[in-house]
Amino acid sequence: MIRVLVASKIHEKGIEILRSSGIEVSRVEEPPEDELIKAIKGVHGLIVRSKPIVTKRVINAADSLLVIGRAGVGVDNIDVEAAKTRGIEVLTSPEATTQSVAELTIGLILAVARKIAFCDRRIRAGEWPKKYAMGVELSGKVLGIIGAGRIGSAVARIAKFGFNMEIVYYSRSRHIEFEEEFGAKYLPLEELLRRADVVSIHVPLTEETMHLINEEKLRLMKKNAILINTSRGAIVDTNALVKALREGWIAGAGLDVFEQEPLPSNHPLLQLDNVVLTSHIGASTEEAQERAGVDIAKKIVEFFRAKGYIK
Ligand code: NAD
């Protein structure tokens, strides 16, 4: 019998799809490495979300593993090279969370531009922060998208057609469809940072993109610009960002992802009023989780079916 270990919370519909295809499902929730090393023995498939971390040690400890499924997008928590070396396939459900992450990105832009979280905090503290909560409109402003893939495109769509923003972008290569759909202009990263009123990051975390936005890059941005990161924390150098926010090199930031998660309770970001923080909830919607769970379960079933292990 084929056994699949589900090591993060996925939608029940996904579990049903696995079970009704004759797969035995066992469940643990985001176990630490040593626990995962024990749980992975005798398992043919593993399903994770952005947690747990599937290290080389985990992969090498697996004795029967054939496939790892990531419910969602971004495989930086999986040692893909180690998996490849052992002939273990890695599957993802990249489309499932796109719209949810894009909508959160827009939410963060608005929350920073209109000081929504700031006002909420002050009102609860007994103040009426009307005089010092002057904001900016998005209409007519320049949105710089870094990474014109699925999420970058979904953000551009809402920003362009919902808010009449002008779109410029930087990506590994030019995306002609993106340019045509949004009237977007391709710019080198440095120029994008100099021009954009809002900069939003949508590249994956790789060796190349680690600290892509560092002190030098933050210093290129406009003093009234907003930086949004809903991609991965380590793409931005957090220490440099804290300095930029504290010293006013940029106006504000909206962050869903951090170099260290959960964000430590004494983190300097928590002292700053010009940053809005969410707890890596980009994909945390009913719709995204259902799509991700169902999609990855179907892909795992197809994988074992194609190999003739299940009917
Ligand atoms: P995608 O693969 O569709 O798009 C990524 C884009 O980045 C592509 O256009 C690619 O060409 C570009 N790119 C890659 N490396 C680059 C580099 N070194 N320099 C410049 N451009 C580069 O991915 P997507 O579906 O849009 O997702 C983007 C990222 O969003 C994921 O990798 C993930 O880290 C993150 N994400 C976050 C959440 C969340 O909960 N906050 C949820 C889902 C995804």
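Colleague: Which residues do ring pairs link into a cluster?

Modeller: In this predicted model, the cluster is made of Phe 161, Tyr 169, Tyr 170, Phe 178, Phe 182 and Tyr 186, linked by ring pairs. By the ring-pair rule, the count comes to eight aromatic pairs.

Colleague: Happy to start there. What makes Phe 161 and Phe 182 an aromatic pair, and why is the pair called tilted?

Modeller: Their centres are 6.1 Å apart, and rings pair if their centres lie within 6.5 Å. The planes make an angle of 50 degrees; under 30 degrees would count as stacked and over 60 as edge-to-face, so this pair is tilted. Phe 161 belongs to helix α7 (residues 150-163) and Phe 182 to helix α8 (residues 176-182), so the pair ties together parts 21 residues apart in sequence.

Colleague: Nice. Why is the pair of Phe 178 and Phe 182 called edge-to-face?

Modeller: The ring centres lie 5.0 Å apart and the planes stand at 70 degrees. Phe 178, at 4% relative accessibility, counts as buried, because the limit is under 20%.

Colleague: Turning to a charge and a ring: how do you know that Arg 219 lies over the face of Trp 249?

Modeller: Arg 219 is placed at 3.9 Å from the ring centre, and the distance limit is within 6 Å. The rule also asks for a position within 35 degrees of the ring normal; Arg 219 is listed as lying over the face of Trp 249.

Colleague: Last topic, the strands. What makes β11 a partner of both β10 and β12?

Modeller: Two strands pair if there are at least two bridges between them. Four bridges join strand β10 (residues 226-229) to β11, running parallel, and Asn 229 stands opposite Leu 255. Three bridges join β11 to strand β12 (residues 275-277), also parallel, where Val 275 is the bridge partner of Ala 253. Both pairings therefore meet the rule.

Colleague: Which faces of β11 are covered?

Modeller: Both: Gly 252 and Gly 254 are buried on one side, as are Ala 253 and Leu 255 on the other.

Definitions and conventions: Residues numbered from 1 in each chain as written. Predicted model: local features only at pLDDT ≥ 70, side-chain atom pairs only at ≥ 80, totals over all residues. Heavy atoms only, no water. Buried < 20%, exposed > 50% of the residue type's maximum accessible area, 1.4 Å probe, protein only. Helix = DSSP H or I, 4+ residues; strand = E, 2+ residues; numbered from the N terminus. Phe/Tyr/Trp six-rings, centres within 6.5 Å; stacked < 30°, edge-to-face > 60°.
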